[in-house]
Amino acid sequence: MQKSHAFQPGNNFGKGRPAGSKNNAQLFLEKVGSEHGEVILTKVIEQALAGDLHAQKLILDRIYPIPKARNFITSANLKNIRTQAHINEAMTAILDQVGDSRLSLEEGHEAVKLIEAKAVSIQKCMNEELESIRARLTELQGNSH
């Protein structure tokens, strides 16, 4: 007896929404934007000009976005990773920057991947050094008998 699967050929119920189609939230936001976008933008600009720091930040962040990833990559946190303590410091810095919205989740994830690659490299070097020490210790023990 053949097993029934939800996504067998010909199953029209398992296709999901067509690629590129918009969900209800996107459709609602587009409707609000087209109907009220100009009024909302004018109000935010008025508030910014009146001294509202939140409105000023909102506008400036859209006009002059901070190049987030470049700021982190040039920092010492990523350049000077040589030990597990440095890895921990860099990971903490990434979490702090994601938490402060200076890095997006995607940028934080990419930075973590770089640090993980460096951690693997450090581990390989440590393993090679440990093997060298073991070989030397075995050699010394053989010479003492």
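User: What does buried mean for a residue here?

Analyst: Buried means under 20% relative accessible area, and exposed means over 50%. This is a predicted model. In helix α5, the residues that fall under the buried cut-off are Ile87, Ala90, Ala93, Ile94 and Gln97. These residues lie on the same side of α5, because the arc they cover around the axis is only 125°.

User: Which residues of α5 are exposed on the other side?

Analyst: Leu95 and Gly99 are exposed there.

User: What does the reach of α6 come to, and what is expected?

Analyst: Helix α6 has 40 residues, 105-144. Its first and last C-alpha atoms are 57 Å apart, close to the 58 Å expected. Buried residues in α6 are Gly108, Ala111, Ile115 and Ile122.

User: Where is the kink in α1 centred?

Analyst: A bend is read as the angle between axes fitted to the seven residues ending at a residue and the seven starting there. In α1, residues 24-49, the kink is about 70° and is centred on His36.

User: What is found at the start of α1, and which residue just after α1 has a positive phi?

Analyst: At the start, Asn23 places a side-chain oxygen within 3.1 Å of the backbone nitrogen of Ala25. Just after the helix, Gly51 has a positive phi of about 105°.

Key. Residues are numbered from 1 along each chain as its sequence is written. This is a predicted model: local features need pLDDT of at least 70, side-chain atom pairs count only at pLDDT 80 or more; totals for chains, interfaces and linings use all residues. Side-chain values use heavy atoms; hydrogens and water are left out. Helices (H or I, at least four residues) and strands (E, at least two) are DSSP runs, numbered from the N terminus. The expected span of a helix is 1.5 Å times one less than its number of residues. Buried means under 20% relative accessible area, exposed over 50%, partly exposed in between (1.4 Å probe, protein chains only). The arc is that of the directions from the helix axis to the C-beta atoms. A polar contact is a pair of N or O atoms within 3.5 Å; within protein, one must be able to donate a hydrogen and the other to accept it, and residues adjacent in sequence count only if both atoms are side-chain atoms.
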